[in-house]
Amino acid sequence: MINYLYQKSPIFVQNLVCTYKGLKEKNSRFGEGFQEYYDFLLKTQWYTRSQIEEYQISRIRKLVKYVYENVPYYNELFKSEKLLPSDINTLLDLNKIPVLTKEIVRNRYRDLINPKYNKPVVKAHTSGSTGKALNFLFSKDAIKYRWALWFRHRERFGIVPHDAYATFTGLVAVPINQKNPPFWRENYAMKQTIFTMHHISSGKIESIVNRLNQGGFAYYSGYPSILFSLATLIEAYDLKITASPKVIFTGAEALLDNQRKIISRVFNCLVTDQYGFSEGAGNASRCEHDLFHEDYEYGILECNNEKQNGIYKTGEILGTGFTNLAMPFIRYKIGDTATWVDKKCVCGRRSKTIFKIEGRNEDYVITPEGNKILRFDYIFKRAVNIQEAQIVQCKLGEITIRIVKRPTYSNHDENNLLNEVAKKVSPSLKVKFEYLSEIERENTGKYRSVRSYVK
Ligand SMILES: [Zn+2]
């Protein structure tokens, strides 16, 4: 009903509704506590290696003692493992605590809630690749801490809290059936201009570019897939961005190399991202030199079942969050993998560095050779005649490439893709093609480059 009324309202009313919601959001991000966390984080990112270790050990000891005394699940777990909080004295000692899986979070939801936490909380959830929702509680205080962390990342690129920005997400701020501009809405409370993915299309691109070229945006933020669609349309229509933002931050989906290159080229600015997940049990943010640094003040990202290769080690990410005391997650298996690199980053920050992150709850294809393939962007590197693509696997031994063609697409492109798959993915994988006018998004607006229905 509220949505219906919103859609029928005049645009200035819709802007006021966006601003009203913006006021609430502004308070949840920047309210009491934010500034203190932000100032602290700007300072601690320059801690030495030994200061960082000391900090993490002291946080983990406190956390373990706290959950043992307050959270039923951990109390029971420690007892059944014959563990005491005093057994956890180093970061390596964390290994003694069993891994927390999503299944456990679902089954033991009530016991994971801290009954003694009496400050405000919000109910949050994540959908994950299987579509099965995972519910959890998040403290309002931890939300502010997380925003302070995200703004520390932005600060590395010259952005300060309260800078004006444009967003490109799945949020339907502009009614889908609207035919005439403006194809954006204003949240005056946060100096945010909201663009909606449904309106990033050929008939509307010129008006969107004109709005962007009015300038005034310090940065853009959004899903990489949406910014990529926007960038490719701008190029296809031979339009120019004359008022570039300082930087573009992407989130929610993994940023693919190819997307990054084209977004950066079209908007003539740097594109960066950080790694986080809704459950908030850890985070890593890129520095100016492009490595991810563990945001060690917020939590620990461990490498589980690691494979070492020189200075690199690859393994599953386990997250232990320090800030969400309403429902603390310790050694939580997110379902993503990462490659850590043991080297001193030239930026001068000494927290652990991550070279590459894969997964983000993405689906993967299984080849007849038994390999799991998460990324396919490299087979599309030269496919300039494709507007958008998605790989779908419904049964073993076969994939379907769904394609939204550009007018210049021909059989030649199909053959090229077949060659690329045979060469770079698997010589025996059967490939089918399906042509669509658009690729369906998830309910949240997220775009999945790989979809697997193989159980
Ligand atoms: Zn660095």
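Two strands count as paired here if DSSP finds at least two bridges between them, and strands are DSSP runs of E, at least two residues long, numbered from the N terminus. With that in mind, and remembering that this is a predicted model, begin by selecting strands S4 and S5, which form a hairpin with four residues between them. In the turn, lysine 191 has a positive phi of about 50°.

Next, colour the model by the domain assignment, which gives domain 1 as 2–29 + 160–245, domain 2 as 31–154 + 276–358 and domain 3 as 365–452. The C-alpha centres of domain 2 and domain 3 lie 34 Å apart.

Then select the open sheet of four strands whose order is S19-S18-S17-S20, with mixed pairing. Strands S19 (430–435) and S20 (450–452) stand at the edges with a single partner strand each, so one side of each is left without a neighbour in the sheet. Neighbouring strands of this sheet are turned by 25° against each other on average, direction ignored. Finally, focus on S18 (residues 398–405), which pairs with S19 in the parallel sense over six bridges, and display isoleucine 399 together with valine 431, its bridge partner in S19.

Notes. Residues are numbered from 1 along each chain as its sequence is written. This is a predicted model: local features need pLDDT of at least 70, side-chain atom pairs count only at pLDDT 80 or more; totals for chains, interfaces and linings use all residues. Domain bounds come from an automatic or database domain assignment. Axes are lines fitted to C-alpha atoms, for helices over the stretch in contact, and angles run from 0 to 180 degrees between N-to-C directions.
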